[in-house]
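Visitor: I'm new to this one. Could you pick a single part, take me through it closely, and then show me how the rest fits around it?

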Amino acid sequence: QLQLAASPDSDEMVLVVSNASSQDYALVWNGSAWGNAQTLSGAGAGNDRTDIYVAYEQQSGDALVVYGKGTASVHSRTWNGTSWGSEGTLAAPAGASGVARWATLASDPTSDRVALGVLTYNANVWLAIWDGAAWQAPVLATTAASTATAPAVAVAFESTTGHALATYTEGASYVRYRSWPAAAGWSG
């Protein structure tokens, strides 16, 4: 699995890689060469190759990477253009079960917020918002996604309002959604 994201204000890019041994790495492209490699998850045990993602904060230009380590929690690091921050951990919300299997991110063009969608091995979907400095409390969206073997969750931000939208499958034939306005949090 590979995910590549471009900085909103320079030629920099961050690549996240999960190899055949489920080891996760991040590398920085400075416009002419790769460097600043960071091991995200070196063990690979109990880990999946689809639980990595990268997105840039649109105002600060910092990159946010998320990855699993064979647990229900999702881990993250930021790249500020010079160095990698320390690893942070976001625990799955109450009621969620299963190891994080798929992760996806989307950046808000009007702020440094980043939306996260996670699908677990137990077909649970949960959502969270990074505010540019820390994770807000995650929300369980469903415990009955239609599959755990495909990316059955997507997130995006509206271009002008800064509201997020998450879509996910539920049961055999439903696509559900939740919206996230900053003042109210995730909808039902």
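Guide: Let's start with strand S7, residues 74–79, which is mostly covered: five of its six residues are buried. Keep in mind that this is a predicted model.

Who sits beside S7? One partner is strand S6 (residues 63–67), which runs antiparallel to S7 and is joined to it by five bridges. To find a spot where they meet, look for Leu64, whose bridge partner in S7 is Thr78. S6 and S7 make a hairpin with six residues between them. In that turn you'll find Gly70, with a positive phi of about 80°.

S7 also pairs with strand S8 (residues 88–90), again in the antiparallel sense, over three bridges. Here the pair to look for is Ser76 and its bridge partner in S8, Gly88.

Now let's step back to the whole chain. Strands are what you'll be seeing: the protein chain has 15 of them and zero helices. Buried residues make up 47% of its 188 residues. The C-alpha trace spans about 45 × 40 × 25 Å along its principal axes. A compact globule with 188 residues would have a radius of gyration near 16 Å, and the chain agrees, with 16 Å. Among contacts between residues at least 6 apart in sequence, 46% join residues at least 24 apart.

S14 (residues 164–170) pairs with S15 over seven bridges, and Ala164 stands opposite Trp180 in S15.

Ala164 leads us inside, to the largest nonpolar core. This core has 20 residues, and Ala164 is among those touching the most other members, along with Leu119, Val125, Leu127, Ile129, Phe157 and Trp186. The elements giving two or more residues to this core are S9 (100–107), S10 (114–120), S11 (125–130), S13 and S14.

Note on methods:
Residues numbered from 1 in each chain as written. Predicted model: local features only at pLDDT ≥ 70, side-chain atom pairs only at ≥ 80, totals over all residues. Heavy atoms only, no water. Pairing = 2+ DSSP bridges. Helix = DSSP H or I, 4+ residues; strand = E, 2+ residues; numbered from the N terminus. Core = buried A, V, L, I, M, F, W, Y, C linked by side-chain atoms within 4.5 Å. Buried < 20%, exposed > 50% of the residue type's maximum accessible area, 1.4 Å probe, protein only. Rg over C-alpha atoms; globule rule 2.2 N^0.38 Å. Contact = heavy atoms within 4.5 Å.
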